[in-house]
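Here's a chain to read together, one feature at a time. Have a look, and then we'll talk it through.

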Amino acid sequence: MPFKGEVIVMNFRNDVHKFAVQMAKRAAFTVVAAALLTLPMHGQHTPNDAPGVTVVPPNQQTSAATPQTEQEIVQELAAMKKRIEQLEAALKQHEAAEQPTVVVHTAKAGTPVGISPSAAITTAGIPEAQAALPQTAPPAKPAKAEPFAFADWTWLNGNSRVKEPPFDTKFFTPEVQADVDYIVDFNHPKDDTIGGSSEVFRAYEVQLTQLGVGGDFHFDNVRGRLMTQFGMYSTTTPRNDASPARGQWQLSDAYRYVSEAYGGYHFNVLHGINVDAGIFMSYIGLFSYYNADNWAYQPSYVSSNTPWFFNGVRVQIFPSEHLKIEPWFINGWQSYGRFNNRPGIGAQILWRPNGKFEILGNQYVLGADTLGVPGRIRYHTDDSIEYKYYENPSNFLSQAAFSLTGDMGCEHGGDPVAGTAVSCATNGVRVVGGKSYITPKQDFLGFMLYNRLWFHRNLYGFTLGGGKINNPGRYLVLLPPINGATAASGTPYFTQNPGDPYKAWDASATFDYMPSQYITFRWEFDHRAANVPYFSGRGGITPPGGNTGAPGSVVPGFTPDLVRDENRLNLAILVKF
């Protein structure tokens, strides 16, 4: 395909060729006419002097005009020959020119102005339609780079490792997920119930943790996503949200089978701006809600105890292909509705300067996220880095990376008379009506560190990691489901009062076999511990006759068996395509 400048020269060449052909035709016609006119007069008789044909005498005016006509023809032929020579010279000059003609328009008028080494060539005598050279279109503005499209991010903890969807259309990209596990709990709880986790729930049974069917919709800049959640997630995730207890319409039932559901619009501004409304993933704590995306099956407390989703509005702003700024306006801290009379506000900043490094920051402020305590305000910061420090696909050790996450947060405010007042900094005292009330320190501090190795062209993976938290007041501790307790009901067997101490730590080793980008076979060992009885012991956490009375209520004669540590083996098959 020729370049734009070549098109101009080729068009000029075609114009010259067309003009030369026309001149040649006219010359041929004139030569034939001249030949006929120069024939002797007797040549006008019919063969054999047929009768009835009038013969013109040689002394009439016709023969007198013949010399004048021949002279005019000769002059015209000479002029045509000269003109053809000029055109041939012009054509050769165009062919020799290295820089093609570029047509520009003046600011005062739309008259095209040609600029080229052959600009001095005259076009006098050429018809106007042939003399005007075609104009080049202005160069197309280069498209802006897609955000984060400059590298492969499937190595990241918390990011899908699917490189290419097996099926895609202009309108819809489908997605299917399946997470099936079998848990060996060495505490051997007799009711097979595991507490203190948002990923693992029952022991010694094959359980479907998550079955998701859905995908992404995209057409004419309109976008949307739907992902269902069937299996254990459809019960355990709504159970950890206390907001449905405020008001009517059973929000926990309304959203039970949906993990993501939002619609929005993409604006072609900067490197893109997305505005979405609905339920979307939070990624506070780095790990993904979907275990197939993660380096480990059981994430540390910093991830497991922080939000998996938000319900609200987000605006994803991409100032460059390396940076995302995402403010949120949400109902609350992993909540379908509001806990009190105010929403939460937050933002995420994601920066990826190259294909080996990521910095992720999530900030949350001003949420009143303790049910029935409108004056208690929550703040939280969650910050992570991920770095791929080695990559050599030709070696047995094909790549290596680590992730480090640190979290801090606190709550302040509340009613000191009702005993709900807390403080971010230290244990304080508030005086109300001349009486002093203690405001216990209520904060959160934690970290987690993971290191992952990939082997044999990423066929195998091995991860070591763990973390630790300190959360006085227990406002981010997952409530054990003793006698059917929920986040809304609470339980007297494990209180979450201001100042209640809670410290915990964990470690894990994970081995993955990944024969395809769409499936992972996972074996993992976890050790988890706390400074207070928290995990399910051999006696279990279910009353002998099953759940009795209202969720979380006291059952006479029953005491749950809570212990300070647990060791587990997690076996899972994870499918995502």
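Q: How much of the chain is buried?

A: Buried means under 20% relative accessible area, exposed is over 50%, and partly exposed is in between, with a 1.4 Å probe and protein chains only as cover. Here, buried residues make up 43% of the 577 residues in the chain. This is a predicted model, so to speak of local features we need pLDDT of at least 70, side-chain atom pairs count only at pLDDT 80 or more, and totals for chains, interfaces and linings use all residues. Residues are numbered from 1 along each chain as its sequence is written, and side-chain values use heavy atoms, with hydrogens and water left out.

Q: What does the secondary structure of the chain come to?

A: Helices (H or I, at least four residues) and strands (E, at least two) are DSSP runs, numbered from the N terminus. In this chain there are six helices and 22 strands.

Q: Why is strand β7 described as largely enclosed?

A: Count its buried residues: seven of the nine residues in β7 (residues 273-281) are buried, so the rest of the structure largely encloses this strand.

Q: Which strands pair with β7?

A: Two strands pair if DSSP finds at least two bridges between them. Strand β6 (residues 258-267) pairs with β7 in the antiparallel sense over seven bridges, and strand β8 (residues 309-320) pairs with β7, also antiparallel, over nine bridges. Follow isoleucine 273: its bridge partner in β8 is isoleucine 317, and isoleucine 273 is itself the bridge partner in β7 of phenylalanine 267. The hairpin of β6 and β7 has five residues between the strands, and there leucine 270 takes a positive phi near 55 degrees.

Q: Which residues form the nonpolar patch on the surface?

A: Patch residues have over 30% relative accessible area and no salt bridge; like charges are joined within 9 Å, and nonpolar side chains (Val, Leu, Ile, Met, Phe, Trp, Tyr) within 5 Å. A salt bridge is a side-chain nitrogen of Lys or Arg within 4 Å of a carboxyl oxygen of Asp or Glu. The patch here includes Tyr265, Phe267, Leu270 and Leu366, and its residues together have about 830 Å² of accessible area. The elements giving two or more residues to the patch are β6 and β11 (357-367). Leucine 366 is found in β11 and, at 32% relative accessibility, counts as partly exposed.

Q: How many disulfides does a search of the whole structure find?

A: In general, a disulfide is a covalent bond between the sulfur atoms of two cysteines. The cut-off is a pair of cysteine sulfur atoms within 2.5 Å. The search finds one: cysteine 410 and cysteine 424, with their sulfur atoms 1.9 Å apart. The pair links distant parts of the chain, 14 residues apart, with cysteine 410 in strand β13 (residues 397-412) and cysteine 424 in the loop between β13 and β14 (428-432). The link is right-handed, with 75 degrees about the S-S bond. Cysteine 410 counts as buried at 14% relative accessibility, while cysteine 424 is partly exposed at 24%.

Q: Which residues is phenylalanine 172 in contact with, leaving aside its neighbours within four places in sequence?

A: Contact means heavy atoms within 4.5 Å. Phenylalanine 172 touches Gly214, Gly215, Asp216, Phe217 and His218. From phenylalanine 172 to glycine 215 is 43 residues in sequence and 7.1 Å in space, C-alpha to C-alpha. Phenylalanine 172 lies in strand β3 (residues 172-185) and is partly exposed, with a relative accessible area of 22%.

How values were computed
Areas by Shrake-Rupley, 256 points an atom, 1.4 Å probe, with all protein chains shown as cover.
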